[in-house]
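Subject: Handover of a structure and its findings

Dear colleague,

Please find below the structure that I am handing over to you. My notes on it follow directly after.

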Amino acid sequence: MAGAAGPGTGPGAAGGDGDDSLYPIAVLIDELRNEDVQLRLNSIKKLSTIALALGVERTRTELLPFLTDTIYDEDEVLLALAEQLGNFTGLVGGPDFAHCLLPPLESLATVEETVVRDKAVESLRQISQEHTPIALEAHFVPLVKRLASGDWFTSRTSACGLFSVCYPRASNAVKAEIRQHFRSLCSDDTPMVRRAAASKLGEFAKVLELDSVKSEIVPLFTNLASDEQDSVRLLAVEACVSIAQLLSQEDLEALVMPTLRQAAEDKSWRVRYMVADKFSELQKAVGPKITLNDLIPAFQNLLKDCEAEVRAAAAHKVKELCENLPPEGRETIIMNQILPFIKELVSDTNQHVKSALASVIMGLSTILGKENTIEHLLPLFLAQLKDECPEVRLNIISNLDCVNEVIGIRQLSQSLLPAIVELAEDAKWRVRLAIIEYMPLLAGQLGVQFFDEKLNSLCMAWLVDHVYAIREAATNNLMKLVKKFGTEWAQNTIVPKVLVMAGDPNYLHRMTTLFCINVLSEACGQEITTKQMLPIVLKMAGDQVANVRFNVAKSLQKIGPILDTDALQEEVKPVLQKLGQDEDVDVKYFAQEALSVLALA
Amino acid sequence: MSSSSPPVGAASAAISASEKVDGFTRKSVRKAQRQKRSQGSSQFRSQGSQAELHPLPQLKDATSNEQQELFCQKLQQCCILFDFMDSVSDLKSKEIKRATLNELVEYVSTNRGVIVESAYSDIVKMISANIFRTLPPSDNPDFDPEEDEPTLEASWPHIQLVYEFFLRFLESPDFQPSIAKRYIDQKFVQQLLELFDSEDPRERDFLKTVLHRIYGKFLGLRAFIRKQINNIFLRFIYETEHFNGVAELLEILGSIINGFALPLKAEHKQFLMKVLIPMHTAKGLALFHAQLAYCVVQFLEKDTTLTEPVIRGLLKFWPKTCSQKEVMFLGEIEEILDVIEPTQFKKIEEPLFKQISKCVSSSHFQVAERALYFWNNEYILSLIEENIDKILPIMFGSLYKISKEHWNPTIVALVYNVLKTLMEMNGKLFDDLTSSYKAERQREKKKELEREELWKKLEELKLKKALEKQNSAYNMHSILSNTSDE
């Protein structure tokens with residue numbers, strides 16, 4: 001019926017309401033009430049379709065009231081509802097009617113489940129932008145106020161996220177009220193609400209007038225930063241970044257720095273961790289002068305904090321901190337005030353700290369230049385390359401490219417090799433996998449000769465690893481190496497070794513030959529594929545293990561496009577046809593698939 | 001707990017072989033391999049060298065005039081903290097403090113009249129200095145309390161004695177809450193509650209007793225304590241999902257609820273519905289479910305009208321994928337049904353038995369089995385019999401189906417028994433349901449088809465509207481371009 005009405009009906013029908021007789025709201029509501037949660041969820045997810053069927057008028061007068069009344073459902077359903085309503089403005093008749101969406105979202109913003117509430121707040125924020133300034137004050141602001149003075153903490157928590165979206169567009173009188181509400185939430189009785197307020201403090205500060213920031217936000221910030229609960233204090237650190245960006249250097253020094261200094265020495269490690277974690281942002285926000293006077297000493301303390309978590313977070317920031325220092329005097333500051341602490345961390349007792357440092361330390365070489373790198377950093381790199389923890393060594397190796405640009409990799413190769421060999425044979429396959437990933441990069445930097453002498457045998461050994469993931473990675477590695485070193489190299493060093501494995505007594509190794517051919521054939525080109533690889537593949541079609549045979553079919557399908565027509569017709573086709581008659585169903589299936597893909601059937 | 005872990009030597013040999021294969025070692029093996037670790041509190045920051053302790057004379061050797069003065073000196077001496085992560089430093093001083101603490105414990109428990117007003121301040125100061133500390137980050141970021149050994153507090157040799165002393169102090173017949181409340185105030189309790197997150201079960205055990213005593217003796221702190229526990233739980237449920245002391249706090253609450261006066265205050269009911277019930281959603285429910293269910297049942301025994309909202313709440317949070325939790329929920333439902341009043345039962349029988357009917361047909365046999373065990377409970381059986389007209393139609397479909405289809409023979413046998421019991425309760429209805437079973441299935445299938453049809457039509461409508469929009473946009477466009485052409 002619906003399909004019969006073609007595009008001819010024209011624009012006249014587009015604005016009209018849906019067909020009442022077809023979709024009585026009762027039927028749709030039945031769907032939303034279905035006993036099966038999954039079905040209810042599906043219906044809610046298609047709420048826009050329902051609204052479309054009802055038309056804007058009935059959506060406003062019938063569907064939305066229904067939704068508002070029945071907000072007691074599984075959280076999953078509520079979540080979907082909260083999300084849908086954020087995009088509903090068009091379906092209720094555009095911005096003039098956007099406020100109709102507020103009642104259901106208001107209820108959703110008070111439910112217990114955080115995920116649902118957050119989504120409701122997100123949708124409310126979205127919809128707030130669609131309100132006209134008048135509607136905003138008439139409908140949206142009162143909602144925020146109601147939430148902010150709700151009985152249960154959930155509504156107050158939700159309110160925290162709504163202040164910043166309505167503040168800029170409100171009149172001055174209303175602005176004062178909004179600020180007042182925010183203030184009282186910052187000193188709420190419930191820590192959950194204070195946390196929510198603290199986490200929105202920075203965002204709110206950004207939309208306030210500078211005077212209000214100084215006179216109201218700063219005292220709130222100071223209070224939250226000395227809250228009795230560390231979970232509140234640590235959120236104030238985040239707000240500090242936003243607030244600092246708004247203030248002049250003078251105000252910063254007077255209003256914010258005392259609090260930040262205190263946070264960097266907080267008795268709770270969680271707060272100190274937060275300072276370390278946000279260090280780069282803080283550094284940018286306070287500017288170079290305060291950084292030198294205050295942040296660098298604080299950073300030194302964080303690097304030697306008593307908790308490994310804090311040290312690791314600080315170690316992660318070493319490179320960014322150095323990069324962000326002003327160019328003049330940077331080298332001296334790093335050499336005198338940062339490097340001594342880094343040296344200590346290289347032999348830290350905690351492996352996470354060392355590994356965090358190893359992931360960034362190489363980046364310092366570009367900043368410090370060739371001489372300093374050789375004299376001061378190289379010993380640290382070498383020490384970390386010999387670290388007992390594989391992750392530390394891996395992090396160093398994975399960042400070799402930074403050093404390569406500055407001093408070349410040769411300086412390291414003596415120590416690099418034992419480190420690589422050891423990682424290549426590590427008991428944990430994830431470590432082996434990680435080092436394989438870096439092989440092409442290393443090969444490029446160390447050159448063909450070094451590679452052939454020292455690393456080639458490792459790459460071959462991985463092909464017969466016990467773990468499939470390693471064998472798989474090893475085959476892909478070969479392909480990348482061939483792309484780097486060229487086909488001639490492949491023909492001389494790789495291909496013969498791969499092909500020998502075709503006669504291995506272990507069928508897994510025989511299959512590895514096929515997998516290698518799959519990825520190497522393209523890189524090696526038609527000649528090598530036809531002359532050297534194809535005969536081996538065809539021979540393996542007679543293997544006694546079915547898995548090998550159907551992989552032969554798969555390989556033939558894969559390399560088929562590279563071969564010329566003669567080879568396909570005369571050599572590949574008969575073998576595939578034979579496999580197509582195999583006793584094993586899988587072999588048959590893949591052989592037939594190959595035949596049809598290669599158009600040989 | 002640790003009875004099943006293999007000897008360390010054997011385990012490490014097994015590791016190298018198994019790790020070569022897939023790198024995933026069994027958790028129990030890893031656990032055994034890791035030696036017991038302990039951790040210090042986060043309070044030691046390189047604070048320079050420690051003051052060395054010098055032994056003071058024994059309290060029992062002092063004259064009664066000097067005793068009080070000496071008692072306070074010893075309390076002050078015990079405020080000095082030592083780093084237990086460094087097992088070789090300050091050995092002598094550590095031993096002196098240990099001996100002093102021991103002496104203090106004995107002193108307050110064997111002597112009467114020694115807890116005088118002037119001593120309270122020093123006593124609380126000593127306790128605070130030793131036990132209040134920021135708990136360090138967990139050694140094991142993915143610490144699984146059910147599987148892993150907890151990290152033990154390194155300074156336990158001292159802290160244990162401090163807790164011991166604290167308890168003797170609180171339990172002493174000389175103890176006067178009216179004086180102590182000047183020192184044991186809200187801030188003190190707040191810090192005490194934060195310590196419940198300690199990973200060390202020995203410490204949490206002490207804390208449990210301490211908090212219980214404080215709740216008992218300080219009437220002015222009761223509401224505050226309840227509110228703070230409330231906040232800890234809400235944070236646990238909705239923010240961190242991590243707090244080590246949930247079971248201990250619930251245990252205290254169990255006895256607190258027991259003492260609530262009737263009628264229950266709105267605050268308490270709110271706590272039940274908005275905190276205890278949502279706690280069932282926690283990932284680590286297994287760790288505290290027994291205590292939680294106890295609290296819930298305590299509430300229902302106080303006020304039976306809470307039964308309906310509680311059961312509806314549990315049904316709302318019914319586990320969807322975790323069979324282990326589902327078994328726990330079923331256990332709790334049985335505990336509730338054990339104390340339910342028949343009038344309350346009538347109010348929730350329909351939604352409840354719809355859920356039970358789903359559990360009975362669960363493909364996880366432990367869930368199905370746990371649900372079917374309800375039929376072994378005499379009281380539940382009598383409730384079912386009274387309401388057989390309602391319950392049988394709800395249960396019949398699933399029971400009938402699994403009696404034919406379930407993979408597990410034990411379940412099938414249990415279902416046969418249940419069907420037999422139900423048939424005996426109302427044979428006529430049973431026969432009717434049996435004969436209409438097929439028609440019922442058909443009707444469901446038809447309904448399903450109708451639903452699909454409806455949605456298909458709605459989709460078509462949506463497409464049509466989208467098309468119309470596009471067309472009108474196109475028309476507008478062509479009109480505009482036509483005019484510009486002219």
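How many Å separate the centres of domain 1 of chain B and domain 2 of chain B, taken over C-alpha atoms? The separation is 60 Å. Please note that this value, like those that follow, comes from a predicted model. In the domain assignment of chain B, domain 1 comprises 54–133 + 152–183, and domain 2 comprises 303–459.

B:S363 counts as exposed because its relative accessible area is 57%, and the term applies over 50%. B:S363 and B:N408 are 45 residues apart along the chain, and their C-alpha atoms are separated by 8.6 Å.

Turning to chain A, helix α23 (residues 390–398) is mostly covered, with 8 of its 9 residues buried. The buried residues of α23(A) include A:P390, A:V392, A:R393 and A:L394, and A:N395, A:I396, A:I397 and A:S398 are also among them.

Chain A also has a negative surface patch, formed by A:D564, A:D566, A:E570 and A:E571. One of these residues, A:E570, lies in helix α33 (residues 565–580) of chain A.

With kind regards

Technical notes. Residues numbered from 1 in each chain as written. Chains lettered and ligands numbered in written order. Predicted model: local features only at pLDDT ≥ 70, side-chain atom pairs only at ≥ 80, totals over all residues. Heavy atoms only, no water. Patch = residues over 30% accessible without salt bridge, like charges linked within 9 Å, V, L, I, M, F, W, Y side chains within 5 Å. Areas by Shrake-Rupley, 256 points an atom, 1.4 Å probe, with all protein chains shown as cover. Salt bridge = Lys/Arg side-chain N within 4 Å of Asp/Glu carboxyl O. Lys, Arg positive; Asp, Glu negative; His and termini not counted. Charge placed at Lys NZ, Arg CZ, Asp CG, Glu CD. Helix = DSSP H or I, 4+ residues; strand = E, 2+ residues; numbered from the N terminus. Domains from an automatic or database assignment. Buried < 20%, exposed > 50% of the residue type's maximum accessible area, 1.4 Å probe, protein only.
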